[in-house]
Amino acid sequence: MSDLDLITIGRSSVDLYGAQIGGRLEDMGSFDKYIGGSPTNIACGTARLGLKSAVITGVGDEHMGRFITEQLAREGVNTEGVKIDPERLTALVLLGIRDQEQFPLIFYRENCADMGLCEADIDADFIRSARAVVATGTHLSHPQVEAATLKALRIARAAGMQTALDIDYRPNLWGVAGHGEGESRFVESEAVTAKLQSTLHLFDLIVGTEEEFHIAGGSTDTIAALRAVRAVSNATLVCKRGAAGAVAFTADIPDTLDEGQAGPGFPIEVFNVLGAGDGFMSGLLKGWLDGEDWPTALKYANACGAFAVSRHGCTPAYPSWEELQFFFQRGIRRPDLRNDAELEQVHWATNRHGDWASVKTFAFDHRLQLEEMEGYTLEKGGRFKELCLDAALQVQDGEPGYGILCDNRIGRAALHRASGSGLWIGRPTELPGSRPVEFEPELGDDLGRLREWARENVVKLLVFCHPDDDDKTAKMQVARVRRLFTAARRNGLEFLLEIIPSKVGPVDDDTSATLIQSFYDAGVYPDWWKLEPFKTEAAWANAVEAIERNDPRTRGIVVLGLDAPEAELAASFALAAKQPLVKGFAVGRTIFGDAARAWLAGNISDGEAVAEMAENYQRLCGIWDTARNKALEEVA
């Protein structure tokens, strides 16, 4: 069995997509950053569909290059074939959505890193570790990268592997159109046709639009062009026809395109065609490599293309396998898929990055409690939170499964330093002690300052609420929670909702479950829940059932501490750990309380404070791990 299903080879880039829709690229005021480049997109798209994918490309030894390699890893793509080029910069592309017909783009690819690939960068053993090699047309446009691509293809052919070509014709990347013609999809060129035809015999599958087959076949008559390609290649030819779907030809080319094998189409609104072909190719490769018949493979391809044209960006638009199956089973509810709330929730939940099967969290996002301590000043508070981070990092020691809660008002320096550390990072948004809940002023009246947050920050909101709240208070709180949840999702941030009813009124086994349902009823789907340490198994079972009934794809639950003594926490952990949906804890004052009071009063040093907190945190992690392991043993 091969280690990989496919290896793509060719260009990669950072795509900067204009955030304003309907304006000229000249007038764009902000951009969203995504991974890009046809082979890179296809590697990510197939990985989302469950294939084991890799990409051979080049990136610069700089921030954008690291963004690409890190994003590939997040998407589950093997990066062994990514060349880090110290001499060249990572390619950039600027793109915009002008209207339903115009999608301007500018390629910044002059001597870029992926054009630095050469034959020496192609490792034969790596190529043979896959079942298929997928090439794209751009890397046949220059002798050096063409030589690298052809070497990979010849190794694959000699090893009996499958090979595929996405023609991916960009006239200006072949030097037959100007820099301002990035949007152009077809310019006739005998030289380009000759170059393509000299390689077409190397492929088992060739995919392109009608215009791309025109350049490959040297004719603007599609049937004639397909026949010209067939004359030099026995590959299955898949011709994309836009809204009319696509057709596959495995033998002689008939007199009309309609005589080819086809799969069902999906009538959806066209929002953005950029990257749609890569989405299509991802679905097609999934069906092809899984051994499906061509109508089924084309069904996958058409659906993935439909997702792509309905959303912003390229790779971020592509579906997961679970999402694709959901779409097939449920069908189209509205043609503008990006505005289908149910579908978008599945898309979001099945494409989140990071494995957080365990989240043992040191919560030092406290503000009021710290401000009330003797000796507190804003400067000292900020310094103390850096010591908290030091303690968290000491316990984490580079291992997964640890997190922090840290605020931006007092803990700004610690919060920013934590980015990139591998910690799960939750960041509070509520005004401490507010009921009905109010937001920290730093978010802005319109919550627009969320756009300034690091993408790895999780939006955390604490709400003091109870099923017996009066109607006005309940509606106000739910509306505010939904407003923040919507803003978080719009900014690509995960959302944690913490509810504490015991501070408001008496609680029983149904209290939290009732509150959980009220938020789902309002259309709030937290990625995370932070819940009180319940005292009965029934309360836990009810809460978990309410969450899983409404959102089987939730990240999970963390249990809070409420400044409880360690013995009480141990008992609550033992109960919570029996629920697989509970991923860990978020405890603060039990860890830092004594150290904070002593440090602020000047009675202990920085090192002593860090050591004390690290010991407390480590001990709680051990208590949680023991509780979880015992629960697993009981189930086994």
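This is a predicted model: local features need pLDDT of at least 70, side-chain atom pairs count only at pLDDT 80 or more; totals for chains, interfaces and linings use all residues.
**Exercise 1. The setting of Arg 330**

Decide whether Arg 330 is buried or exposed, and list which side chains make polar contacts with the side chain of Arg 330.

Solution. Step 1: Arg 330 belongs to helix H10, which covers residues 321–330.
Step 1: The relative accessible area of Arg 330 is 18%. Buried means under 20%, so Arg 330 is buried.
Step 2: The side chain of Arg 330 has a polar contact of 2.5 Å with the side chain of Asp 340. Another polar contact, of 3.0 Å, links the side chain of Arg 330 to that of Glu 342.
Step 3: Leaving aside residues up to four places away in sequence, Arg 330 touches Asp 340, Glu 342 and Leu 343.

**Exercise 2. The setting of Asp 606**

Classify Asp 606 by its relative accessible area and state which side chain makes a polar contact with that of Asp 606.

Solution. Step 1: Asp 606 lies in helix H20, residues 606–635.
Step 1: With a relative accessible area of 32%, Asp 606 is partly exposed, because this class lies between the limits of 20% and 50%.
Step 2: Beyond residues up to four places away in sequence, Asp 606 touches Arg 383, Leu 387 and Trp 599. The side chain of Arg 383 makes a polar contact of 3.1 Å with the side chain of Asp 606.
Step 3: Ala 595 is eleven residues from Asp 606 along the chain, and their C-alpha atoms are 9.7 Å apart.

**Exercise 3. The largest cavity**

Describe the volume of the largest cavity and the residues of its lining.

Solution. Step 1: One cavity of 30 Å³ or more is present in the structure.
Step 1: The largest cavity holds about 40 Å³ of space.
Step 2: Its lining consists of Arg 367, Asp 407, Asn 408, Arg 409, Pro 428, Glu 440 and Glu 442.
Step 3: By class, five of the lining residues are charged, one is polar and one is nonpolar.

Terms used:
Residues are numbered from 1 along each chain as its sequence is written. Side-chain values use heavy atoms; hydrogens and water are left out. Helices (H or I, at least four residues) and strands (E, at least two) are DSSP runs, numbered from the N terminus. Buried means under 20% relative accessible area, exposed over 50%, partly exposed in between (1.4 Å probe, protein chains only). A polar contact is a pair of N or O atoms within 3.5 Å; within protein, one must be able to donate a hydrogen and the other to accept it, and residues adjacent in sequence count only if both atoms are side-chain atoms. Contact means heavy atoms within 4.5 Å. On a 1 Å grid over the protein atoms alone, a cavity is a set of points where a 1.4 Å probe fits but cannot get out, and a pocket is an open set with protein on both sides within 12 Å along at least five of seven lines; lining residues have an atom within 4 Å of a point. Grid points are joined across faces, edges and corners, and a volume is the space filled by probe spheres set on the points. Ala, Val, Leu, Ile, Met, Phe, Trp, Tyr, Cys and Pro count as nonpolar, Asp, Glu, Lys and Arg as charged, and the others, Gly among them, as polar.
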